[in-house]
Amino acid sequence: MDKLNGTTLLEMLESGNNNLNNHQSEINALNVFPVPDGDTGTNMTLTIKSAVAEVENLDENSRSMRDVCKAISSGSLRGARGNSGVILSQLLRGFGKVVRGEQEITVPLMADSFGRAVETAYKAVMKPKEGTILTVARGISEKARELADQGVDDFDTFIPDVIAYGEEVLAKTPDLLPVLKQAGV
(Lines give C-alpha, C1' and ligand atoms only; values in the text may rest on other atoms or scores of the structure.)
Protein backbone atom coordinates (compact mmCIF):
# COMPACT_ATOMS: atom_id res chain seq x y z
CA MET A 1 0.00 0.00 0.00
CA ASP A 2 1.54 3.31 -1.02
CA LYS A 3 -1.29 5.72 -0.16
CA LEU A 4 -3.77 6.18 2.68
CA ASN A 5 -7.11 7.97 2.38
CA GLY A 6 -9.45 9.48 4.98
CA THR A 7 -11.21 6.15 5.54
CA THR A 8 -7.89 4.40 6.20
CA LEU A 9 -6.86 7.20 8.53
CA LEU A 10 -10.09 6.71 10.48
CA GLU A 11 -9.47 2.96 10.65
CA MET A 12 -5.98 3.64 12.00
CA LEU A 13 -7.39 6.02 14.61
CA GLU A 14 -9.94 3.41 15.68
CA SER A 15 -7.19 0.79 15.91
CA GLY A 16 -5.16 3.18 18.09
CA ASN A 17 -8.23 3.72 20.23
CA ASN A 18 -8.69 -0.04 20.66
CA ASN A 19 -5.00 -0.52 21.46
CA LEU A 20 -5.00 2.21 24.10
CA ASN A 21 -8.21 0.86 25.59
CA ASN A 22 -6.83 -2.70 25.71
CA HIS A 23 -3.59 -1.57 27.37
CA GLN A 24 -4.95 1.21 29.57
CA SER A 25 -4.12 -0.57 32.84
CA GLU A 26 -0.58 -1.38 31.73
CA ILE A 27 0.01 2.24 30.75
CA ASN A 28 -1.47 3.45 34.04
CA ALA A 29 1.00 1.21 35.89
CA LEU A 30 3.91 2.88 34.08
CA ASN A 31 2.81 6.36 35.12
CA VAL A 32 5.43 7.74 37.51
CA PHE A 33 6.21 11.12 35.91
CA PRO A 34 5.52 13.97 36.45
CA VAL A 35 3.16 12.71 39.17
CA PRO A 36 2.77 9.00 40.02
CA ASP A 37 -1.02 9.14 39.89
CA GLY A 38 -1.54 6.13 37.63
CA ASP A 39 -3.86 7.81 35.13
CA THR A 40 -1.82 8.20 31.92
CA GLY A 41 -3.54 5.28 30.18
CA THR A 42 -6.94 6.53 31.27
CA ASN A 43 -6.19 10.07 30.13
CA MET A 44 -4.89 8.98 26.74
CA THR A 45 -7.84 6.62 26.27
CA LEU A 46 -10.35 9.36 27.05
CA THR A 47 -8.55 11.70 24.66
CA ILE A 48 -8.53 9.35 21.69
CA LYS A 49 -12.10 8.14 22.38
CA SER A 50 -13.24 11.72 22.13
CA ALA A 51 -11.46 12.08 18.77
CA VAL A 52 -13.05 8.87 17.45
CA ALA A 53 -16.49 9.97 18.64
CA GLU A 54 -16.10 13.32 16.87
CA VAL A 55 -15.18 11.59 13.61
CA GLU A 56 -18.02 9.10 13.96
CA ASN A 57 -20.43 12.04 14.25
CA LEU A 58 -19.46 13.13 10.74
CA ASP A 59 -21.94 12.40 7.99
CA GLU A 60 -20.79 9.36 5.99
CA ASN A 61 -20.56 11.58 2.88
CA SER A 62 -18.47 14.19 4.68
CA ARG A 63 -15.43 12.19 5.59
CA SER A 64 -12.89 13.98 3.48
CA MET A 65 -9.35 14.16 4.79
CA ARG A 66 -10.02 17.75 5.87
CA ASP A 67 -13.19 16.81 7.77
CA VAL A 68 -11.59 13.78 9.42
CA CYS A 69 -8.50 15.77 10.49
CA LYS A 70 -10.61 18.63 11.83
CA ALA A 71 -12.77 16.20 13.82
CA ILE A 72 -9.73 14.37 15.20
CA SER A 73 -8.13 17.64 16.26
CA SER A 74 -11.20 19.18 17.87
CA GLY A 75 -12.38 15.92 19.44
CA SER A 76 -9.00 15.10 20.95
CA LEU A 77 -8.55 18.62 22.27
CA ARG A 78 -11.99 18.62 23.89
CA GLY A 79 -11.39 15.18 25.36
CA ALA A 80 -7.82 15.79 26.50
CA ARG A 81 -7.19 14.88 30.11
CA GLY A 82 -3.94 15.35 32.01
CA ASN A 83 -0.51 15.98 30.53
CA SER A 84 -0.53 12.82 28.44
CA GLY A 85 -3.94 13.61 26.95
CA VAL A 86 -2.91 17.14 26.07
CA ILE A 87 0.32 15.91 24.46
CA LEU A 88 -1.58 13.25 22.50
CA SER A 89 -4.11 15.84 21.32
CA GLN A 90 -1.28 18.11 20.16
CA LEU A 91 0.41 15.25 18.31
CA LEU A 92 -2.87 14.57 16.52
CA ARG A 93 -3.40 18.28 15.86
CA GLY A 94 0.06 18.75 14.34
CA PHE A 95 -0.34 15.63 12.22
CA GLY A 96 -3.68 16.86 10.90
CA LYS A 97 -2.33 20.28 9.98
CA VAL A 98 -0.07 18.68 7.39
CA VAL A 99 -2.41 16.09 5.85
CA ARG A 100 -5.77 17.88 6.01
CA GLY A 101 -5.45 19.52 2.59
CA GLU A 102 -4.59 16.27 0.81
CA GLN A 103 -6.74 13.55 -0.71
CA GLU A 104 -4.24 10.83 0.15
CA ILE A 105 -1.26 10.39 2.43
CA THR A 106 2.04 9.14 1.01
CA VAL A 107 5.07 8.04 3.02
CA PRO A 108 6.86 11.40 2.53
CA LEU A 109 3.71 13.27 3.59
CA MET A 110 3.38 10.98 6.62
CA ALA A 111 6.98 11.79 7.57
CA ASP A 112 6.23 15.52 7.21
CA SER A 113 3.12 15.16 9.36
CA PHE A 114 5.04 13.31 12.09
CA GLY A 115 7.57 16.14 12.15
CA ARG A 116 4.83 18.73 12.54
CA ALA A 117 3.12 16.61 15.21
CA VAL A 118 6.29 16.54 17.31
CA GLU A 119 6.90 20.25 16.82
CA THR A 120 3.33 21.06 17.89
CA ALA A 121 3.50 18.80 20.95
CA TYR A 122 6.85 20.16 22.15
CA LYS A 123 5.53 23.72 21.87
CA ALA A 124 2.49 22.79 23.97
CA VAL A 125 4.63 21.68 26.94
CA MET A 126 6.08 24.44 29.08
CA LYS A 127 9.13 22.42 30.16
CA PRO A 128 9.56 19.41 27.84
CA LYS A 129 11.32 16.53 29.55
CA GLU A 130 13.25 13.85 27.70
CA GLY A 131 12.35 10.26 28.52
CA THR A 132 8.63 10.90 28.01
CA ILE A 133 6.13 10.40 25.20
CA LEU A 134 7.74 13.43 23.56
CA THR A 135 11.06 11.61 23.21
CA VAL A 136 9.39 8.57 21.67
CA ALA A 137 7.36 10.73 19.28
CA ARG A 138 10.51 12.57 18.20
CA GLY A 139 12.34 9.29 17.60
CA ILE A 140 9.44 8.00 15.51
CA SER A 141 9.41 11.24 13.54
CA GLU A 142 13.15 11.05 12.87
CA LYS A 143 12.91 7.43 11.70
CA ALA A 144 9.94 8.30 9.48
CA ARG A 145 11.93 11.10 7.87
CA GLU A 146 14.95 8.83 7.40
CA LEU A 147 12.87 6.14 5.69
CA ALA A 148 11.08 8.65 3.46
CA ASP A 149 14.41 10.21 2.48
CA GLN A 150 15.72 6.73 1.63
CA GLY A 151 12.85 6.35 -0.83
CA VAL A 152 10.67 3.95 1.13
CA ASP A 153 7.23 4.45 -0.36
CA ASP A 154 5.31 1.41 0.86
CA PHE A 155 3.39 1.63 4.14
CA ASP A 156 3.74 -2.14 4.63
CA THR A 157 7.48 -1.53 5.11
CA PHE A 158 7.34 1.97 6.56
CA ILE A 159 4.91 1.42 9.45
CA PRO A 160 6.56 -1.70 10.97
CA ASP A 161 10.00 -0.08 10.71
CA VAL A 162 8.78 3.12 12.38
CA ILE A 163 7.04 1.18 15.15
CA ALA A 164 10.10 -1.00 15.76
CA TYR A 165 12.28 2.09 16.09
CA GLY A 166 9.72 3.69 18.42
CA GLU A 167 10.00 0.61 20.64
CA GLU A 168 13.80 0.98 20.66
CA VAL A 169 13.49 4.62 21.74
CA LEU A 170 10.92 3.66 24.37
CA ALA A 171 13.29 1.05 25.81
CA LYS A 172 15.90 3.78 26.32
CA THR A 173 13.61 6.21 28.16
CA PRO A 174 14.51 4.94 31.67
CA ASP A 175 18.10 6.00 30.94
CA LEU A 176 16.90 9.50 30.04
CA LEU A 177 14.55 10.02 32.96
CA PRO A 178 15.99 8.64 36.23
CA VAL A 179 12.59 8.50 37.96
CA LEU A 180 11.57 5.82 35.44
CA LYS A 181 14.63 3.73 36.23
CA GLN A 182 14.12 4.16 39.98
CA ALA A 183 10.53 2.97 39.67
CA GLY A 184 11.58 -0.02 37.56
CA VAL A 185 9.65 1.14 34.51
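Reader: Quick one to start. What is the relative accessibility of Glu 146?

Author: Glu 146 has 36% relative accessibility, so it counts as partly exposed. Buried means under 20% relative accessible area, exposed means over 50%, and partly exposed lies in between, with a 1.4 Å probe and protein chains only. Areas come from the Shrake-Rupley method with a 1.4 Å probe, and for residues only the protein chains shown count as cover.

Reader: What kind of model is this, and which cut-offs apply?

Author: This is a predicted model: local features need pLDDT of at least 70, side-chain atom pairs count only at pLDDT 80 or more, and totals for chains, interfaces and linings use all residues. Residues are numbered from 1 along each chain as its sequence is written, and side-chain values use heavy atoms, with hydrogens and water left out.

Reader: Back to Glu 146. Which residue does it form a salt bridge with?

Author: Lys 143, with the closest N and O atoms 3.2 Å apart. A salt bridge here is a side-chain nitrogen of Lys or Arg within 4 Å of a carboxyl oxygen of Asp or Glu.

Reader: How many salt bridges in the whole structure?

Author: The search finds eight. Asp 149 is exposed at 58%, while Arg 145 is partly exposed at 29%. Salt bridges with shared partners join Asp 112, Arg 145 and Asp 149 into one network.

Reader: What about Glu 119? Which partner does it have?

Author: Glu 119 pairs with Lys 123, with 3.5 Å between the closest N and O atoms. Both lie in helix α6, residues 107-124, four residues apart. Glu 119 is partly exposed, with a relative accessible area of 40%. Lys 123 is exposed, at 66%.

Reader: Switching topic. What's the overall fold pattern?

Author: Along the sequence it reads α-α-α-α-α-α-α-α-α. That is nine helices and zero strands. The radius of gyration is 16 Å, close to the 16 Å from the globule rule for 185 residues, so the protein is as compact as a globular protein of that length. The radius is taken over C-alpha atoms, and the rule is 2.2 Å times the number of residues to the power 0.38. The C-alpha trace spans about 50 × 40 × 30 Å along its principal axes.

Reader: How much of it is buried?

Author: Buried residues make up 42% of the 185. The protein exposes about 9,800 Å², and carbon and sulfur atoms supply 50% of that.

Reader: Now the core. How many residues are in the largest one?

Author: The largest nonpolar core has 41 residues. A nonpolar core is a set of buried Ala, Val, Leu, Ile, Met, Phe, Trp, Tyr and Cys residues joined through side-chain atoms within 4.5 Å. Residues with the most contacts inside it include Ile 72, Phe 95, Met 110 and Phe 158.

Reader: Which helix gives the largest share?

Author: α6, with nine residues.

Reader: What does Phe 158 touch?

Author: Leaving aside neighbours within four places in sequence, Phe 158 is in contact with Val 107, Met 110, Phe 114, Ala 144, Leu 147 and Val 152. Contact means heavy atoms within 4.5 Å.

Reader: And α5? What do its buried residues pack against?

Author: They pack against α1, α3, α4, α6 and α7. Among the buried residues of α5 are Leu 88, Leu 91, Leu 92 and Phe 95. The helix has 18 residues and reaches 26 Å from its first C-alpha to its last, close to the 26 Å expected. The expected span is 1.5 Å times one less than the number of residues.

Reader: Last one. Where is Ala 80?

Author: Ala 80 lies in the loop between α4 (65-79) and α5 (82-99). It counts as buried, at 18% relative accessibility.

Note on methods:
Helices (H or I, at least four residues) and strands (E, at least two) are DSSP runs, numbered from the N terminus.
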